[in-house]
Amino acid sequence: MDNTPDLWLSALPVLKTDGSKYDRGHCIVLGGPVASTGAARLAAQAALRIGAGLVSVACDPSSLMVYATALEAVMTKPVKDEAAFDALISDPRVTSLVMGPAAGINDRTKAFVLAALKAQKACVLDADALTVFKDDPSQLFDAIRSPALLTPHEGEFARLFGQVTDRESDALRAAKTSGAVVLLKGRDTVIAAPDGRLVINRDAPPTLATAGSGDVLAGFAGGLMAQGMEAFHAACAVAWIHAEAARLFGPGLISEDLSEIVPQVLRQLTR
């Protein structure tokens, strides 16, 4: 089935006239080390722009100043270790997490992902949060008991599920194996759910082949899931919105532009 707004438009979060920012959810983005803060910042801005009421970057104290000086509406939360991370996400107002963009392929990333899944928070897992389980993918799959969206490109997909030979059947197999919604990125992005739903977002603009665009996609998904959108619908929505934003912007696109043009896309969708 091809991805169109008719599939998910009715599930997009709707603002309450008497609501507060807490009604719109709190998305936590896992920050990376000092030398690699850009990916988490892109994801955090994307989550905020698509409507999450609050967004925070959870980072090691050593990189706090980098994030704090680069971000304004996005908050920063220093987390020294797993205990501090557990305490942060135990707040029931934390409704989603985005983990992986330049987080680091290390024990810290793995521990934080497992902690978030154990806490049964809605999670978007991308990049390093997937690769860190390449030696034992079942450790990740066995931990998925809450809404989870995996957003791999083909290389990351292969580390967990094997080489891609047929994008549709492989994505569906991966979703059933992992228990998560799988968004396999590409010009034709495939979105598969464990219950067998399969949607293809076709003909993404080639301008999306730019550094950081995947981090923005993950942030969009985290922002919608923070507001309570179901993982499969959120995945379909962000694949379409991501591509439409690139189409509207046109040549010269860089990843930062995607979040800036999303309000225009949302206005068109809700008109």
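Predicted model: local features only at pLDDT ≥ 70, side-chain atom pairs only at ≥ 80, totals over all residues.
Q: How do the residues of the contact of α9 with α10 divide into nonpolar, polar and charged?
A: From α9, the contact takes in Ser213, Val216, Leu217, Phe220, Ala221, Leu224 and Met225. Their partners in α10 are Ala231, Ala234, Ala237, Val238, Ala239 and His242. The division is 11 nonpolar, 2 polar and no charged.

Q: Is glutamine 227 buried or exposed?
A: Glutamine 227 sits in the loop between α9 and α10. Its contacts, not counting residues up to four places away in sequence, are Pro13, Arg24, Ile50, Gly51 and Ala52. A relative accessible area under 20% counts as buried; glutamine 227 has 19%, so it is buried.

Q: Which backbone oxygen does the side chain of glutamine 227 reach?
A: Glutamine 227 belongs to the loop between α9 and α10. Its side chain comes to 2.9 Å from a backbone oxygen, that of glycine 223.

Q: Are α3 and α4 roughly parallel or roughly antiparallel to each other?
A: The axes of α3 (residues 82-89) and α4 (residues 107-118) come within 10 Å and cross at roughly 30°. The cut-off for roughly parallel is an angle under 35 degrees. The two helices are therefore roughly parallel.

Q: How many residues of the contact of α3 with α4 are charged?
A: On the α3 side the contact involves Glu82, Phe85, Asp86 and Ile89, and on the α4 side Ala111, Phe112, Ala115 and Ala116. Asp and Glu count as charged, while Ala, Phe and Ile count as nonpolar. The division is 6 nonpolar, no polar and, for charged, 2.

Q: How does histidine 153 count at 36% relative accessibility?
A: Histidine 153 is in the loop between β6 (148-150) and α7 (154-161). Leaving aside neighbours within four places in sequence, its contacts are Leu184 and Lys185. Under 20% would be buried and over 50% exposed; at 36%, histidine 153 therefore counts as partly exposed.

Q: With which side chain does the side chain of histidine 153 make a polar contact?
A: Histidine 153 lies in the loop between β6 and α7. The polar contact, side chain to side chain, is at 3.1 Å, and the partner is glutamate 156.

Key: Residues numbered from 1 in each chain as written. Heavy atoms only, no water. Contact = heavy atoms within 4.5 Å. Helix = DSSP H or I, 4+ residues; strand = E, 2+ residues; numbered from the N terminus. Buried < 20%, exposed > 50% of the residue type's maximum accessible area, 1.4 Å probe, protein only. Polar contact = N/O pair within 3.5 Å; in protein donor to acceptor, adjacent residues only side chain to side chain. Axes fitted to C-alpha atoms, helices over the stretch in contact; angles between N-to-C directions. Parallel < 35°, antiparallel > 145°, perpendicular 65-115°, else oblique.
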